[in-house]
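I opened this notebook to record what I looked up in one chain, going from the overall fold to single residues.

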Amino acid sequence: LLRLWVVALVVDLPCKPPICMASLPGGGKTAVVRAVFTLLGIPEVINTVNKNGEGDFWTTVNGGGLTCFDNVDTKFDWFPDALAAAATAGSCQKRKLYSDSDNVTLRARAAVMLTSANPLFASDAGLADRLIVIRLERRKGETAEGTLFNEVIRKRDAGLSWLCNTLLRVYADEAPVHSGLNARHPDFAALAVRIGRAIGREADAIAALRAAENDKSMFNVENDPVGAAILD
C-alpha cells in the first residue's frame, strides 16, 4: 500500500489521500517518511502540529511537493477539518495583511504524510474516511537507520528508474479496473490498481486497497473515546 502511494505521488492527482503511519513508539514511522524523502531526492519537510497552527498548515500544503506532520498525538480542534479539506483539494482564504482587505488563497498542493502513536484526530469520521492507514508493529532489536538511508541512497538511481518505467506502463494501460476500492478517492484507487498491474501485483494491490478501505471505520472507532470503551 505504501509503495502504491509513493508511486502515485509522481502523478500529482488533484485529490491526494493523506497517508498515516501509525504505531507505538519504535515502529519506524518517521524513518519510513525520511526514506521516502531520500528516495525522491527532495529536502525533508517534517513539521509539528500545534494549537494555533492552522495558518502554518495551509502555508505548508500550499507549497506543494511532499510534506509530513510528525507525531500528531494531540487532537487540536482545527486539524481534522483542515486535513480533511486538504485531502479533497480544498483551500483556505485569509487576509494578506491584517491592515488591509486583500485576500490570499492557499491551496492543498502537497501530498501529506502523518505519523502518530496516538492518532486521536482519527476520531473525526470525515477525516478517517479520507485517510490511508499503514499500521506498523514496534520493531524488536536494534534499528540501524544509518544503514537504511545509506542503502536508499546507494540504490536511488535504480529505484527512480524503476519508478519511471512503472509509470510508463501505467500511462499506457487503458484496460478497465475494479471499482469500489476507495469510496472517497476513486481516482487514486484506479491509479493504484494500474500501478499494481504494471509491476505484476494487481491482485495484491486490490487486496491492499480493500483492506485499507475496511480498516477506515475501525481506525475511527479505535480512536474515539466512546468507541474505544465499547471495544474494550
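**Ground rules.** I am working from a predicted model, in which local features need pLDDT of at least 70 and side-chain atom pairs count only at pLDDT 80 or more, while totals for chains, interfaces and linings use all residues. I number residues from 1 along each chain as its sequence is written, and side-chain values use heavy atoms, with hydrogens and water left out.

**Overall fold.** I looked up the secondary structure and found ten helices and seven strands in the chain; helices (H or I, at least four residues) and strands (E, at least two) are DSSP runs, numbered from the N terminus. The radius of gyration is 18 Å, close to the 17 Å that the globule rule gives for 232 residues, so the chain is as compact as a globular protein of that length. The radius is taken over C-alpha atoms, and the rule is 2.2 Å times the number of residues to the power 0.38. Along the principal axes, the C-alpha atoms fill a box of roughly 55 × 50 × 40 Å.

I then looked at burial, where buried means under 20% relative accessible area, exposed over 50%, and partly exposed in between (1.4 Å probe, protein chains only). Of the 232 residues, 41% count as buried. The chain exposes about 12300 Å², and carbon and sulfur atoms supply 52% of it; accessible areas come from the Shrake-Rupley method with a 1.4 Å probe, and for residues only the protein chains shown count as cover. Among contacts (heavy atoms within 4.5 Å) between residues at least 6 apart in sequence, 75% join residues at least 24 apart.

**Aromatic rings.** I noted seven aromatic pairs. Rings of Phe, Tyr and Trp (its six-membered ring) pair if their centres lie within 6.5 Å, with planes under 30 degrees apart counted as stacked, over 60 as edge-to-face and the rest as tilted.

**A loop residue.** I looked up Asn 223, which is in the loop between helix 9 (202-222) and helix 10, and which counts as buried at 10% relative accessible area. Leaving aside neighbours within four places in sequence, Asn 223 is in contact with Pro 119, Leu 120, Ala 122 and Ser 123.

**Salt bridges.** I counted twelve salt bridges, each a side-chain nitrogen of Lys or Arg within 4 Å of a carboxyl oxygen of Asp or Glu. Asp 215 and Arg 135 meet in one of them at 2.9 Å, N to O. Asp 215 lies in helix 9 and Arg 135 in strand 7 (residues 132-135), so the pair ties together parts that are 80 residues apart in sequence. Asp 215 is buried at 18%, whereas Arg 135 is partly exposed at 41%. Glu 202 and Arg 197 form another bridge at 3.1 Å, N to O, with Glu 202 partly exposed at 25% and Arg 197 partly exposed at 23%. Bridges that share partners also join Asp 129, Arg 184, Glu 213 and Lys 216 into one network.

**Positive phi.** Most residues other than glycine have a negative phi. Asp 12, although not a glycine, has a positive phi of about 60 degrees, and this residue sits in the loop between helix 1 (2-9) and strand 1 (19-22). Asp 12 is partly exposed at 48% and forms a salt bridge with Lys 16, the closest N and O atoms being 3.2 Å apart; Lys 16 is buried at 15%. Ala 89 also has a positive phi of about 60 degrees, in the loop between helix 4 and strand 4 (91-95), and is partly exposed at 42%.

**Surface patch.** Last, I noted a nonpolar surface patch of about 230 Å² made by Met 218, Val 221 and Leu 231. Patches are made of residues with over 30% relative accessible area and no salt bridge, with like charges joined within 9 Å and nonpolar side chains (Val, Leu, Ile, Met, Phe, Trp, Tyr) within 5 Å. Leu 231 is in helix 10 (residues 225-231) and is partly exposed at 46% relative accessibility.
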